[in-house]
Amino acid sequence: MLGKPEHGWTDFSLGDSVYSLSYLTNIPLDWLERAIFGLETLQPFAVCGNCEPGEMVCTVDLQECRIRFEDEIHRKDDALLQIVPVSMLDFCRILYEDISSHIDDWTQWNCSYHITKEDIQSRLDRLQMLIRIKENCFA
């Protein structure tokens, strides 16, 4: 879903599309925080990324993900909406794997964010605990 971050960019792919996301969004911390919120509350949550130009927004609910691309030309255009049958729990599992497998690279995502390995790891630990709890609840 999230490619290895390189030079302030990562690729997001879920479904048929691939979006190149830039360092303008604090992806490692923001996305982990949103996923934690989603699993704690079982409420839909959204993650976003700046594509320079435009923005990708992925709204995650219990059953599916809705991915929308918006820019100056395409504002809220349903033609740019893709629905992917990936549940909240699966999205969180994939996010956990993608960030944990490249944690050192994510600490260098954008030096102005001052992201430490501990910042990321504490969120990964919390997310992993919530994933295990929800797996037991839904089993």
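This is a predicted model: local features need pLDDT of at least 70, side-chain atom pairs count only at pLDDT 80 or more; totals for chains, interfaces and linings use all residues.
Residues are numbered from 1 along each chain as its sequence is written, and side-chain values use heavy atoms, without hydrogens or water. Local features need pLDDT of at least 70 and side-chain atom pairs count only at pLDDT 80 or more, whereas totals for chains, interfaces and linings use all residues.

**Exercise 1.** Determine how many aromatic pairs the structure holds, and classify the pair formed by Phe-12 and Trp-31.

*Solution.* 
- Rings of Phe, Tyr and Trp (its six-membered ring) pair if their centres lie within 6.5 Å; planes under 30 degrees apart count as stacked, over 60 as edge-to-face and the rest as tilted.
- The structure holds 4 aromatic pairs.
- Phe-12 and Trp-31 are 5.6 Å apart centre to centre, with 80 degrees between the planes, and form an edge-to-face pair.
- This pair links distant parts of the chain, 19 residues apart: Phe-12 is in strand 1 (residues 9-14) and Trp-31 in helix 1. Helices (H or I, at least four residues) and strands (E, at least two) are DSSP runs, numbered from the N terminus.

**Exercise 2.** Classify the ring pair of Tyr-19 and Phe-69, and state whether Tyr-19 is buried or exposed.

*Solution.* 
- The ring centres of Tyr-19 and Phe-69 are 6.0 Å apart and the planes lie at 15 degrees, so the pair is stacked.
- Tyr-19 in strand 2 and Phe-69 in strand 5 (residues 65-70) are 50 residues apart.
- Buried means under 20% relative accessible area, exposed over 50%, and partly exposed in between (1.4 Å probe, protein chains only).
- Tyr-19 is buried because its relative accessible area is 13%; Phe-69, at 16%, is buried too.

**Exercise 3.** Identify which residues make the nonpolar surface patch of about 270 Å², and place Tyr-23 in the chain.

*Solution.* 
- Patches are made of residues with over 30% relative accessible area and no salt bridge: like charges are joined within 9 Å, nonpolar side chains (Val, Leu, Ile, Met, Phe, Trp, Tyr) within 5 Å. A salt bridge is a side-chain nitrogen of Lys or Arg within 4 Å of a carboxyl oxygen of Asp or Glu.
- Trp-9, Tyr-23 and Leu-24 make the patch.
- Tyr-23 lies in the loop between strand 2 (17-22) and helix 1 (27-41).
- Tyr-23 counts as partly exposed because its relative accessibility is 34%.

Methods:
Accessible areas come from the Shrake-Rupley method with a 1.4 Å probe; for residues, only the protein chains shown count as cover.
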